[in-house]
Amino acid sequence: MTATGDSTNAKLNELERLREQALHPGGERSVERQRERGKLLARERLEKLLDPGSFVELDRFVRHRNPHFGMMERRPYGDAVVTGYGSIFGRRVFVFSQDFTVFGGTLSEAFAEKICKVMDMALKYGCPLIGINDSGGARIQEGVVSLGGYAEIFWRNVQASGVIPQLSLVMGPCAGGAVYSPAMTDFVLMVKESSYMFITGPEVVKTVTGEDVTFEELGGAVTHASKSGVAHFLADDEESCLEDARYLFSFLPQNNVDPPPFFEPADPPDREDAELDSFVPDNPNKPYDMRDVVNRVVDDGGFLEVHAAWARNLVCGFARLGGYPVGVVGNNPEALAGTLDIDSSVKGARFVRFCDAFNIPLVTFVDVPGFLPGTTQEWGGIIRHGAKLLYAYSEATVPKLAVITRKAYGGAYDVMSSKHIRADFNFAWPTAEVAVMGPEGAVNIVFRNELEEAADPDARRAELIEDYKAQFANPYTAAERGYVDDVIEPRRTRAVLCDALATARTKRERRPARKHGNIPL
């Protein structure tokens, strides 16, 4: 072998040695501690998230350059984050995975630069971005430089918003300013008992307010999935979380220009479900689960619910109709009688705006008796928050389909994708009641004087209620005006929606030129 060959082999061996060193930059003890917590390593998470063998790592040899506090004595390759790209179901996606085994996953200048690089590439090439968060926050030894790194990431989150889908998987701590990057992405996924998010930790809370609270109670996955609404999806373990992210990704387009992915359906578009004909209870005050209706209508009963544990009176999620992804919104009579309140309005508005940004048609199932009354709601700003949902539906230019299954009362009828805010196709079941308010309330107001003077107020009230139902509490008055395009047999709902969607998919709308609207935040 020549001297040149020996030199080349030496260099190749050195490359292999450095690559091996970069695989576990935190050292064996840090790796063991991560495993003792039941957590996967940064690269292992990416391997399970992405298609097998598709991950291409970038910047594996980047190292921090902080000369202070003796940091130059420890400069692991890759710093504390693994970045690169790969594929999910054959579609390209850019990724980063924070490595808690290196400096507790804390963010340095080099760390931030690596993340910003893949964010820029994702935006440039029109690919989704998925970030896995497991970090102790800003690296104190780097001072304000680390804060600047966070701000650079935040700025890019905003630039990418509505242009490429952004997913955040929180698989460990995420505290302080670090929480704002996931909060600005489209979906946040958390893992029970191993991930948490909060602005200030339990010790600070106790010092300032006197409250004694645990990490889990303050910012755990269950808390954010059921109380704050910060987490969109809740998983039992890390493997489930990664699988949920892959399934969610299957509904999303690459960017705001490309169409959502089509999958050839095995479920016939004209399939009927006879049980839907008797699904709505005869008693108008008896609840039922709107998710059961959705499951019976969409392709193969495949419904991925978003925010399943938060604001349960409004159902939101992804499904397919005839192979095409759709965003589903529906009032759920099982919770708060399906009324709209502050949380459900915010939940629905955010979801509707996401679907509109990424060309995902909206299908709305309506059974809404109105907005939730009470001082808590009024003082909490139900007017302002309810307007968010109204604004979102009015602003949306994607195909909008709606089915009124039962109640559609008052202003809430207008809000829930009514024809008046430019829904494309509106259908009603024979059980639908489209009116200003329910029969009992309407009779008590309109005929108050007559009832006070009646010899038998209860009998007269019953007569008036039946008369009101005959005149107003049905879908036909609205159909006469064209507010409802057709009154359909419930069993035909899937076929009717599939056909309407096929028609509306080519929808184009021109809007006035403006910088942006002013949604009532």
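Helices (H or I, at least four residues) and strands (E, at least two) are DSSP runs, numbered from the N terminus. In a regular strand the side chains alternate between the two faces of the sheet.

Before moving on, a word about what is on your screen. This is a predicted model, in which local features need pLDDT of at least 70 and side-chain atom pairs count only at pLDDT 80 or more, while totals for chains, interfaces and linings use all residues. Residues are numbered from 1 along each chain as its sequence is written, and side-chain values use heavy atoms, with hydrogens and water left out.

**Next, the strands beside E5.** Select residues 129-133, strand E4, which runs parallel to E5 and is joined to it by 5 bridges. Two strands pair if DSSP finds at least two bridges between them. Look for glycine 131, which stands opposite serine 168 of E5.

Now select strand E7 (residues 187-191), parallel to E5 and joined to it by 4 bridges. Phenylalanine 187 in E7 is the bridge partner of leucine 167.

**Then, the cores.** Show Leu169 with Phe318, Ile404 and Met416: in the largest nonpolar core, of 60 residues, these four touch the most other members. Another core, of 32 residues, lies apart from it and includes Leu107, Tyr150, Val170 and Ala225. A nonpolar core is a set of buried Ala, Val, Leu, Ile, Met, Phe, Trp, Tyr and Cys residues joined through side-chain atoms within 4.5 Å.

**A covered helix.** Select residues 42-49 for helix H3, where 6 of the 8 residues are buried. Among them are Ala42, Arg43 and Leu49.

**Last stop, the cysteines.** How many disulfides does a search of the whole structure find? The search finds 0, a disulfide being a pair of cysteine sulfur atoms within 2.5 Å. Select cysteine 127: its nearest cysteine sulfur, in cysteine 116, is 18 Å away. Cysteine 127 is buried, at 7% relative accessible area. Finish at cysteine 498, whose closest cysteine sulfur, in cysteine 355, is 17 Å away and therefore too far for a bond.

Key. Buried means under 20% relative accessible area, exposed over 50%, partly exposed in between (1.4 Å probe, protein chains only).
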